[in-house]
Amino acid sequence: MKIKNILVTGASGKIGRSLVPALIKEGYFVRALQFEEPINFPGVEVIKGDVRDPKFAKRALPEMDAVIHLANVKENKENFMETNIHGTFYLLDESKECGHIKQFIQAGSDARAGIFYYTHPFPIDEAYPHSGYPGYYPFSKVLEETMCEQYMIQYHLPVTVLRFSWVFDEDDILAHVTLKKPNFGVPVWQDIAKTFEQKEYFKKNVDGVAKLVHPGGKPGIRHVVAIKDVVDSVLLSIGNPTAIGEAFNISGPSPFSYGQLASYISRKLGLPIVEFEYERFYDFTINIAKARSVLGYNPQYDIIKIVDKAIAFRKSGKKRTPIKYIG
């Protein structure tokens, strides 16, 4: 399956801004959607538009061999249906109508499986049923995948779904697990602070590193993924005939414990560890055996490497990319 020309939506987002340069480096021709933020990648054809526009797909798909659909909004009740659902539908339908799209790669999410909101006695594999946690974003990811599944069944559209875990780039992990702003992801530590000691950290703006624990003191366990591994998973999928008609979990090499994470950051940054008991967190692990065996996916960034990269980012003096959502 020969793929040369690729349309990328969401090119200025977290995944897109790392993926597009990698695609160019690999020799692909990239047509990138510019919606709000300007796109300045060398060698990229920029197409201005909006996936919510029913006519956009017809303008964007000529001469393209593949689509990598990353564009979406998060917890936005007013816009998620038009952007995530209608936008995906327009691209799927025009890909079916035009007849020359050899692969449609859809950015899925582990949010469709509920992650820490529900109990998971076994690692979450691709056969786990859609069961998004409460929110518009997971709801949209379930609907997007359902549309993809039906376009594969009804029209034999060559779709590949990559179910990304929570993606970490720049200093995201430090923004998540340390107490000073910016806050990134959930839980939001200030919101679950109960004791006088915990509340004093926020009142006095003193930094520390959060250690999430279950009632009884056992540290929580979760699974995330680094941006570099995400990009590698996309590159391994493009033009891969064994990826057609399949969904793949894309996560890091192993889950991590908040105890391990807090201890390591405490040593590296000299910060005190602050325990936060959270009864609404359930441990989960993502099974990536299918991506390993079918795609040859071999993630390199465990939680320690993600932290080291984040510390290096801060030491470099680079500014964190603004985000429009908490996590």
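Rings of Phe, Tyr and Trp (the six-membered ring of Trp) are taken to pair if their centres lie within 6.5 Å; planes under 30 degrees apart count as stacked, over 60 as edge-to-face and the rest as tilted. On this basis, a search of the whole structure gives 15 aromatic pairs. In one of them, Trp166 and Phe168, the ring centres are 4.5 Å apart and the planes meet at 55 degrees, so the pair is tilted. Both Trp166 and Phe168 are buried, where buried means under 20% relative accessible area, exposed over 50% and partly exposed in between (1.4 Å probe, protein chains only). One aromatic cluster is formed by Phe116, Tyr117, Tyr133, Trp189, Phe202, Phe256, Tyr258, Phe276 and Phe281.

The model is predicted: local features need pLDDT of at least 70 and side-chain atom pairs count only at pLDDT 80 or more, whereas totals for chains, interfaces and linings use all residues. Residues are numbered from 1 along each chain as its sequence is written, and side-chain values use heavy atoms, with hydrogens and water left out.

The protein chain contains 10 helices and 13 strands; helices (H or I, at least four residues) and strands (E, at least two) are DSSP runs, numbered from the N terminus. The C-alpha trace spans about 60 × 40 × 40 Å along its principal axes. The radius of gyration of the protein chain is 20 Å, which agrees with the value near 20 Å for a compact globule of 327 residues; this radius is taken over C-alpha atoms, and the globule rule is 2.2 Å times the number of residues to the power 0.38. Of the 327 residues, 52% are buried. Among contacts (heavy atoms within 4.5 Å) with a separation of 6 or more, 76% join residues 24 or more positions apart.

Ala210 lies in strand S8 (residues 209-213) and is counted as buried because its relative accessibility is 0%. Beyond its neighbours within four places in sequence, Ala210 contacts Val177, Leu179, Trp189, Tyr258, Ala262, Val274 and Phe276. Trp189, Tyr258 and Phe276 are also among the members of the aromatic cluster. The C-alpha atoms of Ala210 and Glu275 are 6.0 Å apart, although 65 residues separate the two in sequence.

The loop between strand S7 (166-168) and helix H5 (172-177) holds Asp169, which is buried at 12% relative accessibility. Phi of Glu170 is positive, near 50 degrees, in a residue other than glycine.

Ile227 is one of the buried residues of helix H7 (residues 227-237), which also include Asp229, Val230, Val231, Ser233, Val234 and Ser237. Gly239, with a positive phi near 75 degrees, follows H7.

Two cis peptide bonds are described here. The bond between Lys181 and Pro182 is cis, with omega about 10 degrees, and the bond between Val186 and Pro187 is cis, with omega about 5 degrees. Pro182 occurs in the loop between H5 and helix H6 (196-203), and Pro187 is likewise in the loop between H5 and H6. His156, in the loop between helix H4 (136-155) and strand S6 (159-164), has a positive phi near 60 degrees and is exposed, with a relative accessible area of 66%.
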